[in-house]
Amino acid sequence: MAKEKRVYNRIKAVLAEQGKTNLWLAAKLEVNRTTVSKWCTNEVQPTMESLFRIANALNVDARELLVSPNKKF
């Protein structure tokens, strides 16, 4: 039986690292909490514009939301 490859979500990870919630991000960006939930579960990917808004709200470089900080850009 093949091992399931776990997919990590950087938006979810950064929210957790900062002690923030999906609800906080939804309010900050003025979007529906369901939208943020779908971003955090990889059900839907944010647009590039949304990605930059998320990065701005979390005060991180947008690249950090795409790639693990352990990887070089």
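This is a predicted model: local features need pLDDT of at least 70, side-chain atom pairs count only at pLDDT 80 or more; totals for chains, interfaces and linings use all residues.
How many salt bridges does a search of the whole structure find? The search returns three.

1. Arg10 and Glu17. These two residues form a salt bridge in which the closest N and O atoms are 3.8 Å apart.

2. Arg10 and Glu64. Arg10 also forms a salt bridge with Glu64, and here the closest N and O atoms are 3.7 Å apart. Arg10 belongs to helix H1 (residues 10-17), whereas Glu64 is in the segment after helix H4 (48-58), so this pair ties together parts that are 54 residues apart in sequence. Glu64 itself is partly exposed, its relative accessible area being 21%.

3. The network. Which residues are linked in a network of salt bridges? They are Arg10, Glu17 and Glu64. Arg10 takes part in both pairs, with Glu17 on one side and with Glu64 on the other. As background, side chains of opposite charge can pair when their charged atoms come close.

4. Asp61 and Arg63. A further salt bridge joins Asp61 to Arg63, with the closest N and O atoms 3.1 Å apart. Asp61 is partly exposed at a relative accessible area of 37%. Arg63 likewise counts as partly exposed, with a relative accessibility of 43%.

5. Position and burial of Asn9. Asn9 is placed in the segment before H1. Is this residue buried or exposed? Asn9 counts as buried because its relative accessibility is 11%, which is under the 20% limit.

6. Contacts of Asn9. The side chain of Asn9 reaches the backbone nitrogen of Ile11 at a distance of 3.0 Å. When residues up to four places away in sequence are not counted, Asn9 touches Trp39, Cys40, Thr41 and Asn42.

Methods:
Residues are numbered from 1 along each chain as its sequence is written. Side-chain values use heavy atoms; hydrogens and water are left out. A salt bridge is a side-chain nitrogen of Lys or Arg within 4 Å of a carboxyl oxygen of Asp or Glu. Helices (H or I, at least four residues) and strands (E, at least two) are DSSP runs, numbered from the N terminus. Buried means under 20% relative accessible area, exposed over 50%, partly exposed in between (1.4 Å probe, protein chains only). A polar contact is a pair of N or O atoms within 3.5 Å; within protein, one must be able to donate a hydrogen and the other to accept it, and residues adjacent in sequence count only if both atoms are side-chain atoms. Contact means heavy atoms within 4.5 Å.
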